[in-house]
Each structure stands twice: as C-alpha cells, then as structure tokens.
Amino acid sequence: MVYFPAVLVSLIAIPVALATRQFNVTVGANNQLLYDPPFIHADEGDIVNFIFNPKNHTVTQSAFETPCDPLYGGYDSGFVPVDAGAPPKVLWFRVPHASEPIWFHCQQTGHCGQGMVFAINPPAEPSPKSFNAFRNLAIATSGAGRSTSYNAPPSSSKASLIPYYEVAPMNYKIIVGADGKLEYTPANIKAKIYDTVTFEFRPKNHTVTQSSFESPCKSLAESTNGYQTGFKSGFMPVAADATTFPTFTVKVMDDKPIWGYCGQVNHCASGMVFAINAPETGPNTFGAFLDAAKKTAKTT
C-alpha cells in the first residue's frame, strides 16, 4: 500500500501518488463523434475516466502514422454499447508513462475517419505530430490503416490488448477524533484495490498507525520486529479552534484486511481502532479486533 501525509506537502517533494489527477473524457456525447476534450496533458499515474455515451464506441490505442489501426499490444476498451436514455458507462485508464504521446481512436466503422481520435500528451503546434496533425491524418486516410478491420492477435497474446479498465477508484474519508471522541468515524469500511482512504484529523493529537489483528495496539513494525513496516502518520496536533484539518491518505493495493489504531497514550486501549476490509464473519472481524484492543488496557 502507499501512504502519504498531506500535512507534509509544503515541506517535502509531493509523492507521485499524492499528485495523481483524474481527467474526465466524454466519448460520443450528444451523438457527436468526438472525445471531449480531444486531448489532455497528464503525468504518469494519472487516471483518465472515459465516459461512454449512447451508441457503441471504443477507446483503442493506435500509432501516429496509422491513426485508425489498432496498435498491436496496445490498450483497447473493446466496444462499449450504451442504450439511448441509459446512464453513461465509465471505464478508467491509468497513464503508464509521460515520456511520449499516446494516441487513440474509435474502432467503430467510419468513426475514426471522421476525426474521432484522442491523444495524451501530444506535442504542441506547430509540431508535425501535434493533435491536429494526428486528426487530420485520420480524416485524410478516411480511416484506412494497415487493415480495414480489426484483426486480433493470436489468442495467447490477446490479454495484452486489454488494459486494467474498471470502475474509477473511490476515495473514502474517515474522521479522526470527531467531537472529541476517541473514535475513527467510520471505524470499519470496505474499499477496493486502488481506492484511497483519507483520514482527516480533528482537534487534539492523534495518529493513524498500522498494526496487526494479533497485536492491535502495536505498530506493524514493532510487532514484526521490523519485518514489515506499515504506515504511520505520526502525531497530528490540531488546535481546538482549527478550521482546516490535516489529512493522511492510504492507498489500498490489495484486498487483505488493514488494521490500525491511534498511537496516543491509552487511546487504542480505549477502543480507538479502525479496519479496512475486515472479514464480516469468522474470528477476525472488526468487533473481535476492537475487543482485543480494549483488552490491552488490562495488560499495560
């Protein structure tokens, strides 16, 4: 998992994960054969949400020289049919690099030849490889590329054509110490891979520290003798009259349970713990974790 305290942004270089941006690109809105905006400038790791509107379009990677021909081994959403009157469908794409332009087109018959193309990080005008040059080439060739139809590669390599498109990642907020209570609110949530969880600290002085189910009130680094590091926000003092609040964000990188607690004296033993993706049944539920944390008050 990736973690980063927003409070430190002004003091250190911003981590890549913190700088991640999201771009919304509509596909075929209002029955127009367009991506809107037609191009963007993004950094590695940024996310592009392709919002598919009614009819049946694709987002298919190509090369500048053959704008309407699928790039072998490139990214391809496949056809995304959306019925008239139905809500849009959203697929997301994580920008793999920013070192050179990435070109796309719609694979539906005739669409690319009418200028339905898209680019990430195209050179600016008057470069011969600007976005306008790419679109003009698509129109000039009437959509013709090396082939007039999409020829899939052998089945053994077909998987390489499918990028990791899924529902766009979500960000969940957990309030730390709301209304002076020794609680995380909510204390138990479900999140998917690539989702983020932002902890917002309220007055007093709390932490967000990863632990384990077996040792709820010890940092993961301590309970594993340094074998695992885990995340640790450090203490986040917040004045009683504060109007802005520091945050600490964790990025979920797998579907395993994440356990955590507040490192302030006696707070964990008072039940100030949280969990992400705790099992709902069995011995390792959030309730069992909370009970185990409270029992440490009798042993310390």
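Predicted model: local features only at pLDDT ≥ 70, side-chain atom pairs only at ≥ 80, totals over all residues.
Me: OK. Which residue in S5 is the bridge partner of Val27?
Reply: Phe52 is the partner of Val27. The strands concerned are S2, residues 22-27, and S5.

Me: Do S2 and S5 run parallel or antiparallel, and over how many bridges?
Reply: They pair in the parallel sense, over six bridges.

Me: What about S5 and S9, parallel or antiparallel?
Reply: Antiparallel. Six bridges join S5, residues 47-52, to S9. In that pairing, Ile51 stands opposite Val90.

Me: What order do the strands of that sheet come in?
Reply: The order is S3-S2-S5-S9. The sheet is open, has four strands and shows mixed pairing.

Me: Which ones are the edge strands?
Reply: Strand S3 (35-36) and strand S9 (89-94) are the edges, and each pairs on one side only.

Me: Back to S5. How many of its residues are buried?
Reply: Six of its six residues are buried.

Me: Which residues are on which side?
Reply: Ile47, Asn49 and Ile51 are on one side, while Val48, Phe50 and Phe52 are on the other. Both faces of S5 are covered.

Me: Change of topic. Where is Thr60 found?
Reply: Thr60 is in strand S7, which covers residues 60-62.

Me: Is Thr60 buried or exposed, and why?
Reply: Thr60 is buried because its relative accessible area is 1%, and the cut-off for buried is under 20%.

Me: What is Thr60 in contact with, leaving aside neighbours within four places in sequence?
Reply: The contacts are Pro70, Tyr75, Asp76, Trp103, Phe104, His105 and Gln107. Gln107 is 47 residues from Thr60 along the chain, yet their C-alpha atoms are separated by 6.5 Å.

Me: And which side chains make polar contacts with the side chain of Thr60?
Reply: The side chain of Thr58 makes one, at 2.7 Å. The side chain of Asp76 makes one as well, at 3.0 Å.

Me: Now the whole chain. How many helices and strands?
Reply: The chain has four helices and 21 strands.

Me: What share of the residues is buried?
Reply: Buried residues make up 43% of the 300 residues.

Me: What about contacts between residues at least 6 apart in sequence?
Reply: Of those contacts, 69% join residues at least 24 apart.

Conventions: Residues numbered from 1 in each chain as written. Heavy atoms only, no water. Pairing = 2+ DSSP bridges. Helix = DSSP H or I, 4+ residues; strand = E, 2+ residues; numbered from the N terminus. Buried < 20%, exposed > 50% of the residue type's maximum accessible area, 1.4 Å probe, protein only. Contact = heavy atoms within 4.5 Å. Polar contact = N/O pair within 3.5 Å; in protein donor to acceptor, adjacent residues only side chain to side chain.
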